[in-house]
Amino acid sequence: MSADLLTVESLSIAYGPTAVVHDVSFSVAKGESLALIGESGSGKSTIAKAVLRLLPHGEATAAGRVALNGRDILALPEKQFRSLRGRELGFIPQDPASALNPVRTIGAQAQEAAALLGETDPSVRRGRILDVLEQVGLPDPVRVYDSYPHQLSGGMLQRVLIALTVLPRPSLIVADEPTSALDVTVQKLILDMLTELRRDLDISLLLITHDLAIAAERADQLVVLKDGTVQESGPSRDVFAVPRTDYARSLQADVPALHPDRYRDQRTAFRPVDPVHDGDSRTGDVSSPSAGLQIDVREVTKRFSAGGKDVLACDGVSFSVERGRTHALVGESGSGKTTAVRLLLGLEQPDGGQIAVAGQSTSGRSRAEVRDIRRHLQLVYQNPFTSLDPTWRVSRIIREPLDQFGVGTKPERAQRVREALEAVGLPSDVASRRPAHLSGGQRQRVAIARALVVRPDVVVLDEPTSALDVSVQAGILELLSKLQRELGLTYLFVSHDLALVRQVADTVSVLRKGQVVEDGAVEDIFSRPQHPYTRALLDSIPLATPAAALDRIATEDKLLAKSTA
Amino acid sequence: MTGDYRRFALTRAGQAIVVVLLAYVFTFLIISVLPGDAITNTLRDPQHGLSEEEIQRIVAFYGLDQPVVVQLLLSLGRFLTGELGFSLQSNLPVSQLVGDALPSTLTLATTALLIAIILAVAIAYGAQYLPGKWAAIVRSIPSFFLSVPNFVIGLVLIEFFAFRLHSFTTTDPNSPVATLFAAITLAIPVSAPLAEVLIASLDHESRQEYAVVARSRGLTEARLFAKHLVKPSALPSVAMVALIVGELLGGSVITETIFGRDGIGTVVQKAVTGEDQPVLQAIVSLSAVIFVAVNLVADLASPLLDPRVKLRESKLKEKV
């Protein structure tokens, strides 16, 4: 065990009287990488903070032993520990946008990291900083040096943070969800770069993540955490291939990238071409060939002007969705997918093109008529933590659309709220609670109930699970698939997560810079992508095997250098 | 970007001028609808012993025999050319009356502002970095400061420092030490809201991810405070300071009375009791000018202090 760089022994952490981490032990060998994986509340970030001694003073107490190179860092006085910060122990935070001081330049903050090298001459330091910025793939280091954080993209900021962390050559880097705030293709580039830097500089990594696929792809060892206790640990290949505990098994089963066909069987049970399963008249009606297109968007254009520059957010975007099907809009931030949805929902007016809902065109109609058409079109927002009014009770939140459209009498509305709650699988006593007393998954179920209560034909799902844990995500997807089967709903699914899209969608449009670069059936796009951008997106799905990742990096070094330029 | 800033600065300056003019008109109208014809009442007061001819001359000067609108335009025209008229009580030019009193008040207000800022920063620093119990005590100081009336503080300070410790004498209110104590009196209640804002923003900033990351790089708490936290925490306080200046101008009336200083406060007091319309009009307008000017400076400074401010407008549009 003497080769271990970091040893954590029986670590327990409590916030006041509440214990959040119980008796956790693991160790990281020199040059190795270990991933702590678990869902929110599993204690993984708390352990990371304890290793870095960044737990809030006076609020948290840690017991046990955390040794770095044999020295117990929990027992060190702050002054001695400070000399290890940065130099021995580096930290890459979760959200690069908030991890740099917004009112100081990158250079000024980089000087702090460079000071750890013991170099006193600022111009020598500046040279080292520019070198390392170049090393992490930033094409114009001088411009980055003089920039303020808000002038750089999320991916560039994360590169800057990684550069600052590796600059003093620490022996261990703690990375807390280093890519979960980034676009998928950027995520892959950053992880590849980190893997490469680690190999070149012989740095050990303690990776904190909720994403089992990323953990398995990037780490040698896995520690699976639940409620602050270790469920399972071992070489990632073993843990991943043959999970021994139920929790690790279910975690593995909930990763979309590993189970592309999870919901497919359920969904094919309801298909217009397969009317055998349709018992009631409603679905029978839907399955008739005349049902046709539920959403038809043709050549829609939308231009925004920003600071004198015109930005084409949607440049001739077309897509259509058949009744009872799921269509996915895929793209990264700035691809125009959000604008397309806003146009469809009537939150913005298109500059050109046609939008038809259930065969009725929305152009050339009065506001009231359009509003009536759109009643059949409901939206489930991305983040259930902000989309529900915290001061309202659940019953009022779900009833709001009914009040808005003046549907039924008071008792009828109450009845429909009860039905909607039941449909999304929530107990009836939730109705009298407020959002603060619900979990993330419960909140998103409330949001879905709110969309369903007016009995829409189409539901727009805007990244409906991106704020949720994988196991919660699986529950929500299960629910959405069941509702689609039972109610014959049509879904427009907006996402950046291709693995998820492969699980839930029938057809897909890939958007980039306001244009549809490729569209078609999900099976075709995933097996035979035509456009290089689609291929890049597909490549960004974690492969979930460490060996494969390394091979891929080796073959794609050239490509990586090109795409960062 | 500099073009953007110039446009922004010119717009703000233009708005400031409009505000001053509106304040002038508003004051004029308020005074003119007050019961009683203030000017003629004062002029006819036998105490003044003005001859009928002199009265006529003054009436003609202010246009008192004309409709209110004409009077307003006359007065506004003179205000714009810097002509403030004559005091009805003393026959001295208003500009001279105000000019004599202004330096004393400005010294008091500026000293008080400095003391208030120092106090607020000290309180905020203590609230952040003193150990637990002490920090809690320091955190309660602003509400205590806010609840003690200005005049009580003044009387207590005079009682202790002038009468018991003889640090200064009340007979020479303009001596530096006396000025200092008057400024402290004025500064204490004014420092409270500033300290509150600073405490809140320091709490906020020190919890930000970037502060945690900077700590992980081995920065000491003192360096973290000086290098990282002061500037972003000061940003909300800049607007606060501008508002405080208004309070300092108002609060100085009471403080000047307690400490027996001759300043704008005394002039205002006399003008109000004597219904001295030109003096009142001039002082209200002057306060408006100072207040608007300070706020203008704060507005113009914020994009220079915070690099994000400039982009905010265009960024919003891009986000859609």
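## The six-stranded sheet of chain A

In this predicted model, an open sheet of 6 strands in chain A has mixed pairing and the order E16-E17-E18-E13-E19-E20. Strands (E, at least two residues) and helices (H or I, at least four) are DSSP runs numbered from the N terminus, and two strands pair if DSSP finds at least two bridges between them. The edges are held by E16 (377-380) and E20 (515-521) of chain A; each has a single partner strand, so one side of each lacks a neighbour in the sheet. Direction ignored, neighbouring strands are turned by 15 degrees against each other on average.

E16(A) runs parallel to E17(A) (residues 458-462), and 4 bridges join them. Gln378(A) is placed opposite Val459(A) in E17(A). Helix H13(A) (residues 337-345) packs on the sheet and touches E13 (326-330), E16, E17, E18 (490-495) and E19 (507-512) of chain A; its direction makes about 150 degrees with that of E17(A). Helix H21(A) (residues 532-539) also packs on the sheet, touching E13, E19 and E20 of chain A, at about 105 degrees to E19(A). Contact here requires C-beta atoms, placed from the backbone, within 7 Å. Axes are lines fitted to C-alpha atoms, for helices over the stretch in contact, and angles run from 0 to 180 degrees between N-to-C directions.

## The four-stranded sheet of chain A

An antiparallel open sheet of 4 strands in chain A has the order E2-E1-E4-E5. E2 (18-29) and E5 (71-72) of chain A stand at its edges with a single partner strand each, so one side of each is left without a neighbour in the sheet. E4(A) (residues 60-68) is joined to E5(A) by 2 bridges, and Ala67(A) stands opposite Asp72(A) in E5(A). Helix H1(A) (residues 44-52) packs on this sheet against E1 (4-15), E2 and E4 of chain A, its direction making about 115 degrees with that of E1(A).

Buried means 20 or more other C-beta atoms within 10 Å of the residue's own, with C-beta atoms placed from the backbone.

In helix H15(A) (residues 394-405), the buried residues are Val394(A), Ile397(A), Ile398(A), Arg399(A), Pro401(A) and Leu402(A). Their cover includes helices H16 (410-423) and H17 (440-452) of chain A. Gly406(A), which follows H15(A), has a positive phi near 60 degrees.

## Contact between the chains

Chain A gives 27 residues to the contact and chain B gives 23. On the side of chain B, helices H9 (209-216), H10 (221-259) and H13 (312-319) each supply at least two residues, and H9(B) gives the most, with 7.

## Confidence and conventions

The model scores ipTM 0.70 and pTM 0.73. Chain B has a mean pLDDT (the predictor's confidence in each residue, from 0 to 100) of 82, and 91% of its residues reach 70 or more. Over residues 311-320 of chain B the pLDDT is below 50; beyond near neighbours in sequence, this stretch has 11 contacts in the model.

Local features need pLDDT of at least 70 and side-chain atom pairs count only at 80 or more, while totals for chains, interfaces and linings use all residues. Residues are numbered from 1 along each chain as its sequence is written, and chains are lettered from A and ligands numbered from 1 in the order in which they are written.

Definitions and conventions
Two residues are in contact if their C-beta atoms, placed from the backbone, lie within 7 Å. A residue is buried if 20 or more other C-beta atoms lie within 10 Å of its own, exposed if 12 or fewer, and partly exposed in between; C-beta atoms are placed from the backbone.
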